Amino acid sequence: MRTTVFTNAAVFDGTSYRGRVGDVVVDAGRVVAVGPDLAPAGAAVVDVAGGLLLPGFTDAHVHPVQGGLERLGCDLSGLPADAAAYVAHVAAHAAAHPDQEWVQGGGWAMAAFPGGLPTASALDEAVGPRPVALANRDHHGMWVSSRALELAGITAATADPADGRIERDEHGQPTGMLHEGAMDLLAGVLPPADDAQLHAALLEGQRHLHSLGVTGWQDAIIGAYSGMRDAGPTYARAAAGGDLTGSVVGALWWDRERGAEQVAELVARREAYSVGRFAATAVKIMQDGVAENGTAALVEPYLDRCGHATRNTGISFVDPRELRGHVAALDAHGFQVHVHGLGDRAVREALDALDGTDPRRRHHVAHLQLVHPADVPRFGALGVAANIQALWACHDDQMTELTIPFLGEERARRQYPFADLHAAGARLVAGSDWPVSTPDPLAAIHTAVHRTSYDEPGPAGTDPFHPEQALDVEVAFAAYTSGSAWVNHRDDAGRIAPGAVADLVVLDRDPFTARHEIGAARVRSTWIDGTCVHEA
């Protein structure tokens, strides 16, 4: 492997901005020297041309196979949040793929529809008698056609599952929206992707992540979920065959319909799946849902549209008393526990369960939309990492129309308390939750620093969302590099220093000298073990 020298670069080393430090020399897949005038004769030279050289981004919570499937299917994620645009795209996709038994895909935003609720009738008009199933962008709900409801046997007589809800009209008839566990009612009829499709989706997801500077990630669901097959065998085959270039931790899915008896199965799957660059060493527990559909678990009830308290406090998918025992068992078997905790009650239940576990496991709680002030210091005290999805901490239609009115102003001000968590000693790690939102780390870092969405019209791009919770630029970049590498147990990655693995990203500019341009920066090249895996 030829020695490579990165020159004429400003450097962020994973924790600190170093500025112009000279050359960064890479040999045999490792950083071997950092300093002025170090280029050995015959080395390959990469001229960074005044841009920024930094460690490769690690996405600590992402779903690349789902993202890849959406990119290869009926992908609505790149469209404006507009009902008519969605319906037109679905119709065009169906017309272009007449051989597909089902129209599948996703990526639509709830804010495009009144109350966040699209209807089956719109899909019926667009596609006709073919069944349609489209996950929304947060994958906590699914928009389905009348034919899909019919095939699944979902009628007015179908009871809501304990962990979900069928949206209905005033007569009790299903209207075409399935929330949370109600999506599983399609499991018997929705055709899952086959081996070839899953493999293609993983490679497409990986390609897209590399194009954005992501060199490693934690796949937050490895298991059968929401109509998708377990991608663990896909990762294992890709790793064994050399197709997996990113370094990946897989979080095995905790089946909330079962209990402690599944721990032994998770241990067996960890052994079966872990090979090469893929380590199935974490377990994902989804403790609650999302605020937009009223399933995030809250300490105090949701409000109605008039500001009055309701009886709904959301859903704890796992009984919090049982959660303690499950987490203790997983911890004892050497698993890292990765909890979806979005509402303040779910976050508290997760922290209660993680109290007393081994901090060497590097357990983490993801999303953290609402954290009760009393629980903020517990992250640092317990050694539990705060896994943030920073891109969500801004004003947008979904926040303004489907969240704030039902939380109330006081709770709404407590959303995404990144600065408070950091000040209280929490270790910050960062991810995208793609395909829920873009996997672009620079877009997320821009929002973490400015509490606005880069290059978005209206309040999302101009009105800071509780700016007192903004992060310093170094802290935000560290969360996405050294922080997330740490949570993946990669202590030799996420930094630029002699001995570190040469997973690197070259940006076209130095956002440390122009904070307002963080979101405008673009990846010129991505490197893994000193080898270029993407070049713009």
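Q: By class, how many nonpolar, polar and charged residues does the lining of the largest cavity have?

A: Residues are sorted by type: Ala, Val, Leu, Ile, Met, Phe, Trp, Tyr, Cys and Pro count as nonpolar, Asp, Glu, Lys and Arg as charged, and the others, Gly among them, as polar. In the largest cavity, the lining has seven polar, four nonpolar and three charged residues. This is a predicted model, in which local features need pLDDT of at least 70 and side-chain atom pairs pLDDT 80 or more, whereas totals for chains, interfaces and linings use all residues. Residues are numbered from 1 along each chain as its sequence is written, and side-chain values use heavy atoms, with hydrogens and water left out.

Q: How many cavities of 30 Å³ or more does a search of the whole structure find?

A: On a 1 Å grid over the protein atoms alone, a cavity is a set of points where a 1.4 Å probe fits but cannot get out; a pocket is an open set with protein on both sides within 12 Å along at least five of seven lines, and lining residues have an atom within 4 Å of a point. Points are joined across faces, edges and corners, and a volume is the space filled by probe spheres set on them. Here, the search finds three cavities of 30 Å³ or more. The largest holds about 80 Å³ of space. Of its 14 lining residues, H63, D138, H140, M286 and D433 are the closest to the centre.

Q: Which residues line the second largest cavity?

A: This cavity, with about 60 Å³ of space, is lined by H63, V65, Q66, D219, I221, G223, Y225, M228 and A231. By class, five of the lining residues are nonpolar, three polar and one charged.

Q: Which element gives the most to the lining of the second largest pocket?

A: The second largest pocket has a volume of about 680 Å³. Among its 25 lining residues, L69, Q104, G105, P191 and A193 lie closest to the centre. At least two residues each come from α1 (64–72), β10 (103–108), β11 (132–136) and α5 (195–211), and α1 gives the most, with four. The lining divides into 13 nonpolar, 10 polar and two charged residues.

Q: At what angle do α1 and α5 pack?

A: Axes are lines fitted to C-alpha atoms, for helices over the stretch in contact, and angles run from 0 to 180 degrees between N-to-C directions. The axes of α1 and α5 are 7 Å apart, at an angle of about 100°. The two helices are therefore roughly perpendicular to each other (under 35 degrees is roughly parallel, over 145 roughly antiparallel, 65 to 115 roughly perpendicular and the rest oblique). Their contact (heavy atoms within 4.5 Å) includes G68 and L69 of α1 and A201 and L202 of α5. Its residues divide into nine nonpolar, four polar and three charged.

Q: How close do the axes of helices α8 and α9 come?

A: The axes of α8 (residues 320–332) and α9 (residues 344–354) come within 8 Å and cross at roughly 40°, which makes α8 oblique to α9. P320, L323, R324 and V327 of α8 meet E349, A350, D352, A353 and L354 of α9. This contact has six nonpolar, no polar and three charged residues.

Q: Where is P435 placed?

A: P435 is in the loop between β21 (428–430) and α15 (441–450). The peptide bond that joins W434 to P435 is cis, with omega near 15°.
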